Amino acid sequence: MGKKVKKEGEPAPKDAFDPLLIESKTAATVVLMLSSPEEEVLAKACDALYKFASKGDENKATLLGLGAVEQLYKLISHEDPTVRGNAVMVLGIMASNHDVKKLLRELDVTDSLISHLVPEEDVVIHEFATLCLAYLAVEYTTKVQIFERGGLEPLIRLLGSPDPDVQKNSVECIYLLVQDFQSRAAVHELNIIPPLLELLKSEYPVIQLLALKTLEVISKDGETRIMLGENKGLDCLLTILETDEFSDLHVEALAVLGNCLEDVHTLQLIQQSGGLKKLLSFVRESTIPDIQKNAAKAITKAAYDLENRNILNEEEVEKCLINLLETDNDGVKVAASQAISAMCANLASKRAFGLQGIPQLVQLLSSDNEEVKEAAVTVLVNLTAASPSNASAVAEAEGIEPLLNTLHAQRDGAIANAATVLTNLAMQEPLRVNIQNRGIMSVLAGLLRSTNSQVQSKAAFAVAVFGCDADARTELRSAGGLGPLVKLLHSKNEEVRRNACWAVMICASDELTAGELCRLGALDVLEEINLSKSRKNNFSEAALEKLLDNNLSQKYSQMGYLSSNNIITDGFYDCGQIKPGMKFSSLEELSMQALTDRRAIIFINAKPQEERVSLPGEERAHDSSHEQTILSPSISRKSSREKTRKGKGKKEEEKSREVIQTLSAVQDEINLQNTQWLPPPDLILLDYINDASKTILPLTTTREQVVALAQFVADKMGGPIERDKLHDFSWELHISEIEFELKCNVVPIGKVKKGTFYHRALLFKAIADRIGIGCSLVRGKYNRAWNEVKLVDDSPQGITGLLLPPREYIVDLMFEPGRLIKEGSVEADQYKHI
């Protein structure tokens, strides 16, 4: 027998490939392996790529360039759990790269990732699927996709995962999702509060922090806050604040509490449990700026509610906030100031801040930080509004000068609020005078030029308040503030326009300022505003009337009425009624126009001409040529000197020639600078006024004076006229003759010897105003005009000492001069109308 040999096993099939171990040193080769049909190769390739990608962002970019992302996207749905898990791991780690995220969004991986969040999947897949979703959820469109495709519910379920990485990635993804209002509203129904509160007990600070940040966002919703209270979340938050080892979570915990304090019920619960005292005590003792700032913000949110303010006042929150003003951190000062502003709506708090906090706030006005300065002056606005005691406290704390300095601040809000505080202080006369004496009007003149509507509005309002003083108006004129004020009347902002109208109304209290405002076009702008239903306001109408009260010629022309308070002075003229929007020409412009067949302009000027130096043998003329022109006194003196010198010797003339020439040159220059057109004097009217003063003024009763003046006027204007012969009274021809004689459309009223209704009514008003008889002037239609007077009737017989109210009468100047017609009677209507 031969030697026994070991029997060999069955030979491998001829078509089988022997296992080959490959050691690859390039990522490109491994990426090619992702196309392998072998699960073991795929799993090992993914594992190798995971290690490679974990080393840095450059490696992730390299894999992206090699096309690994597209292959991995296919593998995350592989039926083998190991391949699937490893592929998800690689995508999860690579998703931190911006370009990879962009490609993943294009591939629309959201559905696949959400599908891997089911409980049946491995924890590793949960970890890296949630990590990838967290990276993608940074972008808004992916947030919406995750929400719309039902990703929120499985993410909330994974908050209860035993794996801390899954918890961390899930809560981070949820935190990003709830930034959008749809997700924020949905989490309430998905009962997110219990798992989030459970995460606050985690041993990992990052998970606790993300849970608090998520609670801060979702607790802005009222229903979520209720759920938080029902699940004892407030106790949990207060516990965190009381625990020193959780100091790194205090800022976020305070932010959540700040949202909760908005609800009255929640605040009451915290107060009843003693939590509010603990909270305020914690804030007072803390030296961490972020904690102090968040606490102040929490108080601000709570203070927007009336009942909350009352609760906070009971807990003496004012002391806490005043202490925060004294910190070194500017952010804390700003937050504390905002909280004080909100608490000022409570009168008790307002008084408390006025007693204790005003000096600190005044000091903050000098801060180098513009935000601090604005916050402080905003508080002062609220403190001084309708509070004379607080306004006085600001002045006592030497706050006026810092407030004036704040008008030059860089922030428009600070400037506007500083102007408002100064306006509040000005409600007290001594303080107003103090502020005015420091030159506020000059500063306001500059602020009126601001491009910020808030600054414009508050500056115009301040001008209205301080402009009640004549010296203040003079300062505003000198500083060039009237021009910018008039420009603000054009503003499209309703508040700016209203305050500008108010300021114009106040500034028009004196003739000089009113005249300057008219010259700058304020009248035209106000007329335009009042023609517009949408732009006019009560102040625009009052401002127009106030300006017209200082320009009675235009007022009578436009409104057809002058009250007894509107005293006609020299320079008044009646050019007839003009339609709204038409240009109102000056008397000088009208006098320069060529003769027309239109209605003559009747003017009043009883001011005597300045005395001239009479020449030897020269007679003073009172003819029409004298009334057409007025000679300048300087020219008169020069002419007089030249004529007087003719009789003197040549030697004396040569000595004085140099002096005369010098004086003449200087005088000519002065004349050029001060040239002002003056209407010729109406010496006849002056005589009328003198006669009336002598004969009518001594009469004992107003009724007698009115009757006598009516007869006096009628006598000077052609006497009484029978009603039936009114059409034969040729006053038009008479006026035309005067115009032709003067070569001018402007006629002095004293030249009119045959006057109709409107001539006589104007003359009556002009003389009555000079001798102290109160009467109004009313324009009617068809050349009608009349005067209204108020007279007290005699007491009925048998009743003594009875003072009856005055009654209005129309004064007849045409038919029965001196007859007094009761207003509203048939006779009065017949006198007014044809």
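Two strands count as paired if DSSP finds at least two bridges between them. Keep that in mind for the sheets on this tour. The model is predicted.

**Stop 1: the three-stranded sheet**

Select β2, β3 and β4. They form an open sheet in the order β2-β3-β4, with mixed pairing. The edges are β2 (573–574) and β4 (746–748); each has a single partner strand, so one side of each is left without a neighbour in the sheet.

Now zoom in on β3 and β4. These two run parallel, and three bridges join them.

**Stop 2: Asn 605**

Go to the loop between β3 (601–603) and α41 (624–628). Asn 605 is found in this loop. Is Asn 605 buried or exposed? Its relative accessible area is 6%, so Asn 605 is buried; the cut-off for buried is under 20%.

Next, bring up the surroundings of Asn 605. Neighbours within four places in sequence are left aside here. Beyond those neighbours, Asn 605 touches Asp 570 and Gly 571, and also Pro 679, Pro 680, Pro 681, Asp 682 and Leu 685.

**Stop 3: the five-stranded sheet**

Select β1, β5, β6, β7 and β8. This open sheet has five strands in the order β1-β5-β6-β7-β8, and the pairing is antiparallel. Which strands are at the edges? They are β1 (561–562) and β8 (820–822), each of which pairs on one side only.

Follow β7 to its partner β8. Strand β7 covers residues 807–811 and pairs with β8 in the antiparallel sense over three bridges.

**Stop 4: Met 505**

Move to helix α35 (residues 494–507), where Met 505 has its place. With a relative accessible area of 17%, Met 505 is buried. Which residues does Met 505 contact, leaving aside neighbours within four places in sequence? They are Phe 539, Ala 542, Ala 543 and Lys 546.

Pick the C-alpha atoms of Met 505 and Ser 540. They lie 8.0 Å apart in space, while 35 residues separate them in sequence.

**Stop 5: helix α23**

Select residues 330–343. This is α23, a helix of 14 residues. From its first C-alpha to its last it reaches 20 Å, close to the 20 Å expected at 1.5 Å a residue.

Colour α23 by burial. The helix is mostly covered, with eleven of its 14 residues buried. Among them are Val 332, Val 334, Ile 340 and Met 343. Lys 333, Ser 337 and Ser 341 are buried as well.

What covers those buried residues? The cover includes α20 (289–302), α21 (306–314) and α22 (317–325). It also includes α24 (347–356), α25 (358–364) and α26 (370–384).

Finish at the start of α23. A side-chain oxygen of Asn 329 comes to within 2.8 Å of the backbone nitrogen of Gly 331.

**Stop 6: salt bridges**

How many salt bridges are there? The count comes to 32. Visit a few of them.

- Select Asp 47 and Lys 51. They form a salt bridge, with the closest N and O atoms 3.5 Å apart. Both lie in helix α2 (residues 39–53), four residues apart, about one turn of the helix. Asp 47 is partly exposed at 31% relative accessibility, and Lys 51 is exposed at 52%.
- Select Lys 168 and Glu 172. Their side chains meet in a salt bridge at 2.9 Å, N to O. They are four residues apart in helix α11 (residues 164–177), so about one helical turn separates them. Lys 168 is partly exposed at 25%; Glu 172 is also partly exposed, at 25%.
- Select Lys 319 and Glu 316. Their salt bridge is 3.5 Å, N to O. Lys 319 is partly exposed at 43%, and Glu 316 is partly exposed at 42%.
- Last, select Asp 108, Asp 111 and Arg 149. A network of salt bridges links these three residues.

Conventions: Residues numbered from 1 in each chain as written. Predicted model: local features only at pLDDT ≥ 70, side-chain atom pairs only at ≥ 80, totals over all residues. Heavy atoms only, no water. Buried < 20%, exposed > 50% of the residue type's maximum accessible area, 1.4 Å probe, protein only. Contact = heavy atoms within 4.5 Å. Expected span 1.5 Å × (residues − 1). Polar contact = N/O pair within 3.5 Å; in protein donor to acceptor, adjacent residues only side chain to side chain. Salt bridge = Lys/Arg side-chain N within 4 Å of Asp/Glu carboxyl O.
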